[in-house]
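Dear colleague,

I am passing on the structure below, and my notes on it follow. Please read them with the coordinates open.

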Amino acid sequence: MDLLEIGAIAQVLGAVAILLSLIFVIIELRKNLKQNNIANTLQRAIEWEKILYKQMEGDMAKVIVKARESYECLDDVEKVQFEAFVQQSMLIHYRGFRTADESAFLIGAEELRGRIKAHATDFFASRGVCECYKILTQRSIIHDEPWLKEIPKIT
C-alpha cells in the first residue's frame with residue numbers, strides 16, 4: 001500500500017466519522033426538543049392550575065360570582081381583584097395562543113389554539129368579564145388581541 005491509498009482510506013474514514021457525529025447531533029437535538037416540549041406542557045398546566053386555585057379561594061370566588069353579573073356592581077377593592085384576575089387569565093390565553101406552534105408538540109398548534117379559544121369563549125361568557133375586558137382595553141392596561149375577535153361575546 002502506498003501513501004496515496006492510505007490517504008484515500010483516511011478520507012473515507014473521516015467522512016464516516018463526520019456522518020456519525022451528525023447522526024449523534026440529530027439524536028441529541030431531538031431529545032432536547034422533546035424535553036423542551038414536555039417542560040412547556042407542564043408550565044402551561046401549572047399556569048392553569050394557579051388560576052383555578054385562585055378561583056377556589058372563598059373571597060375571590062365571591063368576587064368572581066358577583067362580577068359575572070356585572071363589573072359595575074363591584075366595589076373598588078373588588079374591581080382591583082377582578083381586574084387582576086382577568087389580566088392573569090388573558091395573559092395565560094395570550095401566551096398559549098402565541099406559542100402554540102412551538103409548544104403543541106403532540107396535539108398540534110391548531111388543536112391547542114382551538115382549546116384556548118374554547119376556554120376564552122367560556123371565560124367571556126359572563127357579562128362582567130366582557131365589561132371588565134373592555135374597560136381594561138380602554139385604559140390601555142391590556143391590548144385588544146386580534147385573535148380575540150373570533151370570540152363571539154367580545155365583538
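A residue counts here as buried when its relative accessible area is under 20%, as exposed when that area is over 50%, and as partly exposed in between, with a 1.4 Å probe and protein chains only. The model is a predicted one, in which local features need pLDDT of at least 70 and side-chain atom pairs count only at pLDDT 80 or more, while totals for chains, interfaces and linings use all residues. Residues are numbered from 1 along each chain as its sequence is written, and side-chain values use heavy atoms, with hydrogens and water left out.

By that cut-off, Lys 79 counts as buried because its relative accessibility is 19%. Lys 79 lies in helix α3, residues 76-98, where helices (H or I, at least four residues) and strands (E, at least two) are DSSP runs numbered from the N terminus. Leaving aside residues up to four places away in sequence, Lys 79 touches Tyr 71, Glu 72 and Leu 74, contact meaning heavy atoms within 4.5 Å.

For the protein overall, there are 6 helices and 0 strands. The radius of gyration, taken over C-alpha atoms, is 26 Å, well over the 15 Å that the globule rule (2.2 Å times the number of residues to the power 0.38) gives for 155 residues, so the protein is more spread out than a compact globule. Along the principal axes, the C-alpha atoms fill a box of roughly 95 × 30 × 25 Å, and 30% of the 155 residues count as buried. Among contacts between residues at least 6 apart in sequence, 59% join residues at least 24 apart.

Finally, helix α2 (residues 58-69) and helix α6 (residues 127-138) pack at an angle of about 85 degrees, with their axes 5 Å apart; the axes are lines fitted to C-alpha atoms over the stretch in contact, and angles run from 0 to 180 degrees between N-to-C directions. That angle makes α2 roughly perpendicular to α6, a term for 65 to 115 degrees, with under 35 being roughly parallel, over 145 roughly antiparallel and the rest oblique. The contact is made by Ala 67, Arg 68 and Glu 69 of α2 and by Arg 127, Gly 128 and Val 129 of α6.
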